Amino acid sequence: MHRNQAGRSWKSKAAVYALASGLAGLAAGAALGILGGALPLYVRLAVGSILAIAAVALGTFELLGRRMQPLQFDCETPQRWVDKGPWSWATINGLTLGFGATSRIGFWLWYAIPLGAFLIGNPVAGAVIYGAYGLTRALGAVAIILAMMRLDEDISDRVIDGYDTARILAAGQLVFLGVATVIVVGL
Amino acid sequence: MWGTPLLEDPHRLQSLPVLRLGDQGRSSVHLPGLRGPRVLTTTRPRLLNALLPAAGLGILVGALARNSGEVGWILALLVCSAVVTAVAQQTLP
């Protein structure tokens with residue numbers, strides 16, 4: 001995003017980027033919801049219960065300071081995409097980050113999105129879950145750029161410094177989600 | 001090795017493990033001379049403090065959701081998790 005904010009039309013590129021990211025999330029969520037709907041409800045409930053217990057365990061370990069790297073492709077989106085031009089870059093990067101799975105994930109909580117969209121077994125609900133992720137991820141980057149323009153300083157280092165806080169937030173949310181899901185579907 | 005006085009070089013001060021005060025918060029104070037619990041643990045600052053509220057909130061919302069019998073609760077929880085994930089990922093280098 002930073003490389004493309006220079007021109008006057010950066011807002012259009014940001015809009016394309018956000019739209020692509022949201023669409024990627026919507027499509028992925030709808031597809032997972034359709035796939036999940038093919039499974040019987042009792043299977044989804046059983047798998048959901050096990051995963052909810054795993055979520056509580058992972059979140060607890062994380063909050064107790066025992067870090068475990070999530071399974072992920074530990075990379076960013078390819079730099080060479082910038083050479084494709086700003087519009088293509090905004091579209092491809094948006095689609096990739098809105099889907100999320102092919103670049104750095106960083107937090108175990110991310111897995112709640114595709115697994116939740118799959119296990120809920122409904123394309124609309126799946127699209128809402130994954131679409132919320134895609135749109136928020138893109139709008140977060142746009143918000144950072146707007147803040148940088150308003151403050152007239154590079155705040156990216158300060159954002160990255162917030163990683164530890166983000167880790168606690170994500171692990172807490174994982175425990176919260178896991179405990180609530182265990183009570184609702186597992187007990 | 002120590003060309004300048006230690007206190008005049010903050011970078012070198014940081015290289016001394018004993019002075020990295022930020023790292024000391026999670027360490028334990030061992031009290032071998034005492035019977036019973038031989039380790040006096042210091043507070044684990046924000047990490048442990050987040051566990052109980054998260055679990056408590058999960059129990060509360062889980063109980064409410066179970067009593068209401070609606071799927072909307074789970075959907076709301078998952079959407080909330082999706083948003084939290086996306087916000088947290090902004091801090092990835």
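Colleague: How do you know that helix 7 of chain A is mostly covered?

Modeller: In this predicted model, 18 of the 24 residues of helix 7 of chain A are buried. A residue is called buried when 20 or more other C-beta atoms lie within 10 Å of its own.

Colleague: What should helix 7 of chain A span, and what agrees with that?

Modeller: Helix 7 covers residues 163-186, and at 1.5 Å a residue its 24 residues should span 34 Å. The end C-alpha atoms are 32 Å apart, so the two values agree.

Colleague: Why is A:A141 called buried?

Modeller: A:A141 has 22 other C-beta atoms within 10 Å. The cut-off is 20 or more, so A:A141 counts as buried. A:A141 sits in helix 5 of chain A. Its C-alpha atom is separated by 15 Å from that of A:F99, a residue 42 residues away along the chain.

Colleague: What makes helix 4 of chain A roughly antiparallel to helix 5 of chain A?

Modeller: The axes of helix 4 (residues 112-119) and helix 5 (residues 123-151) of chain A cross at roughly 165° and come within 8 Å. Angles over 145 degrees count as roughly antiparallel, and therefore this pair is given that name. The crossing is left-handed.

Colleague: Which residues make that contact, and how do they divide by class?

Modeller: Helix 4 of chain A gives A:I113, A:G116 and A:A117, while helix 5 of chain A gives A:G126, A:I129, A:Y130 and A:Y133. They divide into 5 nonpolar, 2 polar and no charged.

Colleague: Why is helix 3 of chain A called oblique to helix 5 of chain A?

Modeller: Helix 3 (residues 86-99) of chain A packs against helix 5 of chain A at about 125°, with the axes 8 Å apart. Roughly perpendicular ends at 115 degrees and roughly antiparallel needs over 145, so the pair is oblique. Helix 3 of chain A passes helix 5 of chain A in a right-handed crossing.

Colleague: What meets what in that pair, by residue and by class?

Modeller: A:G94, A:L97 and A:G98 in helix 3 of chain A meet A:G134, A:R137 and A:A138 in helix 5 of chain A. That contact has 2 nonpolar, 3 polar and 1 charged residues; Gly counts as polar.

Colleague: How many residues of chain B are in contact with chain A, and which elements give two or more of them?

Modeller: On chain B, 36 residues are in contact with 44 residues of chain A. The elements of chain B that give two or more are helix 2 (45-68) and helix 3 (72-89). By class, this side of chain B has 25 nonpolar, 7 polar and 4 charged residues.

Note on methods
Residues are numbered from 1 along each chain as its sequence is written. Chains are lettered from A and ligands numbered from 1 in the order in which they are written. This is a predicted model: local features need pLDDT of at least 70, side-chain atom pairs count only at pLDDT 80 or more; totals for chains, interfaces and linings use all residues. Two residues are in contact if their C-beta atoms, placed from the backbone, lie within 7 Å. Helices (H or I, at least four residues) and strands (E, at least two) are DSSP runs, numbered from the N terminus. Axes are lines fitted to C-alpha atoms, for helices over the stretch in contact, and angles run from 0 to 180 degrees between N-to-C directions. Angles under 35 degrees count as roughly parallel, over 145 as roughly antiparallel, 65 to 115 as roughly perpendicular and the rest as oblique. A crossing is left-handed if the near helix is turned anticlockwise from the far one by less than a right angle, and right-handed if clockwise. The expected span of a helix is 1.5 Å times one less than its number of residues. A residue is buried if 20 or more other C-beta atoms lie within 10 Å of its own, exposed if 12 or fewer, and partly exposed in between; C-beta atoms are placed from the backbone.
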